[in-house]
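Reader: I would like to go through the labels used for this model one at a time. For each, please set the value against its cut-off.

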Amino acid sequence: MNKTNKNNSRLPKAKGTDMATVYMPKECARKVRHIVLNECNQRIIDEFMMILDMKEKFIEQDVPMPNKLVMSGPPGTGKTLTAFYIAERLQLPLVLVRLDTIIHSHLGETASNIRKIFDFARLSPCVLFLDEFDAIARTRDNNDEVKEMSRVVNTLLQCMDEFEGESILVAATNLADELDHAVWRRFDTKMDYGMPSEQDRQQYIHLLIGSFATIGSLEQSASAMLHGCSFADIEQIVLKAKRKAIIEDSALTLNQLQTAYQEYNPKVHAYV
């Protein structure tokens, strides 16, 4: 549901539709109840927040403040949740840009739409989140639409260079190798995502089960079974198993999790 931000500025429109969906901090908090970050990414975010809290000291030392963060990694590994998490911690609205409204077939319209959404973020403090970022930041080399893509990327670069104020830019991509190098260099903070570790899986399963009654301790066995699954896959499998338990009027069992796994049939990722 779209909501107005703190400054009551109107979202820019394209094709008669809002270019983004706005989530207020309370909504973001509900979405990140089960977030699990690996140690490195948690440390990066904690430091990012600490720097923002020490703004005056950094200004005194003439050290630029970080305000552009990019996340890369496979689907379902927590990138979108991290954007909600950052917005919740900063107590800023999350402005989730809709790429289907940004990208336009008419010459020059995509670049113009990018400018509009950045202008909105400049006037309205927020976390501006560009998911599937490679769609507008794809490398200008060896592209069938070189001229139009160059126009889009050049506009994006200019907007990033001019990005100042209270807003934070967060971008996410599954295709880091396809981002234009000049765009990649504009980000002051970078985070890599992969499949959850054994510890991360157990923690996430524990959060997902919550207060739901179980037969025995399931985290360790379930984690072993879900090796190579993304967080998104794990969530769907655990939810599917909980539904089975409710239908059967029973506590959650390992057998229900195994059946849910077989029915969901996740694409298991190999560790690199």
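Reader: Why is Asn-265 called exposed?

Author: Asn-265 has a relative accessible area of 58%. Exposed means over 50%, buried under 20% and partly exposed in between, computed with a 1.4 Å probe on protein chains only, so Asn-265 counts as exposed. This is a predicted model, in which local features need pLDDT of at least 70 and side-chain atom pairs count only at pLDDT 80 or more, while totals for chains, interfaces and linings use all residues. Residues are numbered from 1 along each chain as its sequence is written, and side-chain values use heavy atoms, with hydrogens and water left out.

Reader: Which way does Asp-62 count, buried or exposed?

Author: Asp-62 has 70% relative accessibility and therefore counts as exposed. Asp-62 lies in the loop between helix H3 (55–60) and strand S4 (68–72). Its phi is positive, about 55°, although Asp-62 is not a glycine.

Reader: How do you know that Cys-126 is in no disulfide?

Author: A disulfide is a pair of cysteine sulfur atoms within 2.5 Å. The structure holds zero disulfides. For Cys-126, the nearest cysteine sulfur is that of Cys-28, 11 Å away. Cys-126 is also buried, because its relative accessible area is 0%. Cys-229 counts as buried too, at 0% relative accessibility.

Reader: What makes the span of helix H6 close to the expected one?

Author: The expected span is 1.5 Å times one less than the number of residues. Helix H6 (residues 109–123) has 15 residues, for which 21 Å is expected, and H6 reaches 21 Å from its first C-alpha to its last. Among the buried residues of H6 are Ile-114, Ile-117, Phe-118 and Ala-121. An α-helix has 3.6 residues a turn, so residues three or four places apart point the same way.

Reader: What does Phe-118 touch?

Author: Contact means heavy atoms within 4.5 Å. Leaving out residues up to four places away in sequence, Phe-118 touches Leu-128, Leu-130, Leu-156, Cys-159, Met-160, Phe-163 and Leu-169.

Reader: What makes a set of residues a nonpolar core?

Author: The members are buried Ala, Val, Leu, Ile, Met, Phe, Trp, Tyr and Cys residues joined through side-chain atoms within 4.5 Å. The largest such core has 35 residues, and those that touch the most other members are Phe-118, Leu-128, Phe-133, Ile-136, Leu-156 and Val-183. Helix H8 (residues 146–161) supplies the largest share of this core, seven residues. A second, separate core has 25 residues, including Ile-45 and Val-170.

Reader: Why is the pair of Phe-133 and Phe-187 called edge-to-face?

Author: Rings of Phe, Tyr and Trp (its six-membered ring) pair if their centres lie within 6.5 Å; planes under 30 degrees apart count as stacked, over 60 as edge-to-face and the rest as tilted. The structure holds four aromatic pairs. For Phe-133 and Phe-187 the values are 5.7 Å centre to centre and 85° between the planes, hence edge-to-face. Phe-133 is buried at a relative accessible area of 0%, and Phe-187 counts as buried at 5%.

Reader: Why is the pair of Tyr-204 and Phe-231 edge-to-face?

Author: Their ring centres are 4.9 Å apart and the planes stand at 80°, so this pair is edge-to-face. Tyr-204 lies in helix H10 (residues 198–209) and Phe-231 in helix H12 (residues 231–247), so the pair ties together parts that are 27 residues apart in sequence. Both Tyr-204 and Phe-231 are buried.

Reader: How do you know that the charged end of Lys-31 sits over a ring?

Author: The test asks for NZ of Lys or CZ of Arg within 6 Å of the ring centre and within 35 degrees of the ring normal. The charged end of Lys-31 sits over the ring of Phe-84, 5.4 Å from its centre.

Reader: Why is Leu-169 called buried?

Author: Leu-169 has 0% relative accessibility, so it counts as buried. Leu-169 is in strand S7 (residues 168–173), and its contacts include Asn-67, Phe-118 and Phe-187.

Key: Helix = DSSP H or I, 4+ residues; strand = E, 2+ residues; numbered from the N terminus.
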